[in-house]
2 protein chains.
Amino acid sequence: MELDERKTKILQAVIRNYLETGEPVGSRTISKYTDLNLSSATIRNEMSDLEEMGYILQPHTSAGRIPSDKGYRFYVDTLMEEKEREVVELKEMLLERQDKMETLLKQVAKVVAQNTQYAAMVSAPLTHRNKVKFIQLSRVEAGQILAVIVVEGNVIKNKILSVTQELNDETLLKLNILLNTHLNGLSIAEINLGMIAAIKKQAGIHVDIVSEVMDAVAEAIKEDEDLEIYTSGANNIFRYPELSDHDKASELINTFEEKQLLTSLVQNSLDGEEDTGIQIYIGDETPVQSMKDCSVVTATYELGEGMKGTIGIIGPKRMDYDKVVGTLRTLQTKLDELYRDDGKKE
Amino acid sequence: MELDERKTKILQAVIRNYLETGEPVGSRTISKYTDLNLSSATIRNEMSDLEEMGYILQPHTSAGRIPSDKGYRFYVDTLMEEKEREVVELKEMLLERQDKMETLLKQVAKVVAQNTQYAAMVSAPLTHRNKVKFIQLSRVEAGQILAVIVVEGNVIKNKILSVTQELNDETLLKLNILLNTHLNGLSIAEINLGMIAAIKKQAGIHVDIVSEVMDAVAEAIKEDEDLEIYTSGANNIFRYPELSDHDKASELINTFEEKQLLTSLVQNSLDGEEDTGIQIYIGDETPVQSMKDCSVVTATYELGEGMKGTIGIIGPKRMDYDKVVGTLRTLQTKLDELYRDDGKKE
DNA sequence: ATTAGCACTCCTCTTTGTTGAGTGCTAATA
DNA sequence: TATTAGCACTCAACAAAGAGGAGTGCTAAT
């Protein structure tokens with residue numbers, strides 16, 4: 001059987017209507033509210049075909065039809081009309097420049113959740129591919145060395161190192177110069193033990209004292225590269241009955257709280273081949289187990305060279321895809337602009 | 001009417017039973033499972049009295065009794081027997097010393113939630129009363145100065161300052177010495193504009209260049225003093241039917257997500273006059289609106305001089321108070337020990 | 001003062017019936 | 001041949017009615 005134009009129109013009508021109402025859609029509704037001018041009986045026959053083809057299904061014998069996952073997939077692939085979205089509150093938010101990445105991203109998550117009424121997730125860009133701009137060791141007090149590393153994008157990493165051997169100011173100065181000359185311009189990912197060894201060697205006479213510190217530095221640089229994820233609007237799932245029964249809700253809430261469970265979303269999004277940077281997962285397509293009954297839309301955003309993160313929106317399968325995609329698109333643009341402005345300024 | 005010993009025993013039996021089962025408790029149950037050796041009829045009379053006195057109430061005419069808020073209050077004030085609690089997984093957790101306060105507190109929250117099966121909250125100690133141990137300005141690149149401040153407890157604050165005028169190395173060194181000599185040993189709260197002005201003056205010839213930087217430093221020191229709160233086990237509220245209907249659940253989940261809504265808990269806990277540092281809020285007593293149907297138990301913990309934070313447990317009114325208080329007590333001790341060991345080590 | 005006995009209440013669960021939206025099929029129609 | 005009117009049928013959703021049972025309050029006996 002073929003999906004001719006009329007079937008397509010009917011399918012679209014069913015989905016549109018279901019997205020709006022959340023109720024199964026009957027043949028009479030379609031008959032009345034489309035410009036096809038067909039009787040409900042004809043629609044019924046067509047709908048029967050559509051069901052056979054797997055695009056829609058009946059919750060029970062005498063109910064209307066609802067879209068199947070395949071139906072939604074067809075919709076987002078070919079029927080969807082992206083809506084231009086003004087993202088409320090975003091403009092003001094971005095105007096007052098956030099110097100803390102964390103604050104900015106938390107706010108983005110919040111704004112997304114409020115604008116869409118779905119749950120939102122934002123991952124911070126991974127920084128281990130960013131180049132080291134500045135590195136410095138300082139003595140805070142006896143036995144304690146503070147290591148500060150600034151990478152591109154002005155992301156700052158700190159670590160307090162406990163050392164058994166005291167370092168004098170001169171040694172520290174020397175070390176700082178060594179570290180900066182060797183590591184500057186490299187990304188954290190590129191820094192390896194070989195380099196550290198080379199630096200140790202160059203330190204010359206102080207090898208034994210320096211060795212301990214350098215090991216600690218190496219460790220400090222490498223660790224702490226867990227993916228930061230911010231969420232907002234988790235309680236929005238209660239707006240959608242199909243998600244808010246106890247078990248599902250509990251599992252979802254747990255997922256939002258245990259943010260590592262969301263890393264697979266980020267991974268997929270960043271790996272995705274989509275040129276738009278936007279991906280849609282319907283039901284079982286999602287990489288996150290607890291979201292089998294949801295749809296997830298992710299977008300990759302960029303805050304400058306290599307600083308890529310992910311924004312995700314999690315809602316019911318019958319989410320307003322047009323609106324969601326529009327919102328994400330707007331955000332991508334705004335965040336991109338934000339970086340450009342920063343670039344000029346700094 | 002007076003609350004004699006027999007009434008007290010019956011009240012205790014009702015509450016104990018209700019805490020266990022969550023079902024209204026009938027007279028026959030009490031008659032059978034206590035050592036009072038009284039018939040159900042007698043118990044009925046007594047229960048009728050207890051209801052009149054406001055300690056218990058009937059959900060409907062032909063049901064058993066459940067404790068009222070007043071009943072719970074009496075229970076926690078006079079009848080409760082704190083249970084010694086082994087806090088599972090805590091030992092191992094604390095053994096591997098956490099150098100990041102954040103990681104430690106997140107873990108504490110998680111362990112509390114898992115041990116009690118209620119929702120948990122942990123506030124980070126406020127650091128603005130901590131003394132400055134170390135302060136340093138460094139030039140990261142043209143126009144960008146990195147300010148690092150370490151306060152007691154090894155809490156590190158960073159801020160990138162954008163400046164229009166270039167500072168040479170000599171000026172920077174001078175500034176660092178000035179800042180350290182003037183601000184070292186003071187708490188962030190004690191640092192005020194007057195001091196900054198004094199430092200500016202001392203800078204001598206460089207006043208105009210230095211001025212801008214100092215203003216930025218002053219700002220950096222002051223800001224960023226919002227209360228960090230970590231939560232865990234929010235989805236545990238679904239274990240308790242009385243909390244998990246849509247509206248209540250949604251509001252609670254929202255409270256856990258918008259962590260500022262929890263600050264009043266921290267405030268009350270820290271201000272509390274309790275010598276044990278443990279406070280119990282039953283129902284309406286809670287300072288957080290959305291928890292009117294919950295009970296909240298908070299404990300103040302201390303990680304050394306002035307580093308006070310709050311641990312909170314949020315559950316249904318029929319929570320196992322004995323267990324919860326026991327758990328919190330254990331934690332207070334463990335965290336205190338943790339600090340002492342650190343103190344020795346550092 | 002305590003308790004057995006009893007009528008009474010009211011929640012809970014099950015059964016039964018009613019309604020109505022929506023279907024699939026058949027036969028008539030354009 | 002495609003469309004449609006008509007009709008019997010299905011089934012969730014709701015309401016009404018009844019049975020069961022846990023628990024109460026009161027009264028009278030111990």
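Two strands pair if DSSP finds at least two bridges between them. Strands (E, at least two residues) and helices (H or I, at least four) are DSSP runs, numbered from the N terminus. This is a predicted model, in which local features need pLDDT of at least 70, side-chain atom pairs count only at pLDDT 80 or more, and totals for chains, interfaces and linings use all residues. Residues are numbered from 1 along each chain as its sequence is written, while chains are lettered from A and ligands numbered from 1 in the order in which they are written.

**A strand pair in chain B**

- Strand β3 (residues 119-123) of chain B pairs with β7(B) in the antiparallel sense, over four bridges.
- Within this pair, B:T231 of β7(B) has B:M121 opposite.
- In a regular strand the side chains alternate between the two faces of the sheet.
- Strand β7 (residues 229-232) of chain B points B:I229 and B:T231 one way, and B:Y230 and B:S232 the other way.
- All four are buried (20 or more other C-beta atoms within 10 Å of a residue's own, with C-beta atoms placed from the backbone).

**B:F256**

- Helix α10 (residues 246-257) of chain B holds B:F256.
- B:F256 counts as buried because it has 26 C-beta neighbours inside 10 Å.
- Beyond its neighbours within four places in sequence, B:F256 is in contact with B:A119, B:T231 and B:A234 (contact means C-beta atoms, placed from the backbone, within 7 Å).
- B:M101 is 155 residues from B:F256 along the chain, and their C-alpha atoms are separated by 20 Å.

- The largest share, four residues, comes from α3(B).
- By type, the surface has five nonpolar, 12 polar and three charged residues.

- Chain A divides into domain 1 (5-79), domain 2 (90-125 + 227-345) and domain 3 (132-222), with bounds from an automatic or database domain assignment.
- The C-alpha centres of domains 2 and 3 of chain A lie 36 Å apart.

Definitions and conventions: Nonpolar A, V, L, I, M, F, W, Y, C, P; charged D, E, K, R; others polar. Buried ≥ 20, exposed ≤ 12 C-beta atoms within 10 Å, placed from the backbone. Contact = placed C-beta atoms within 7 Å.
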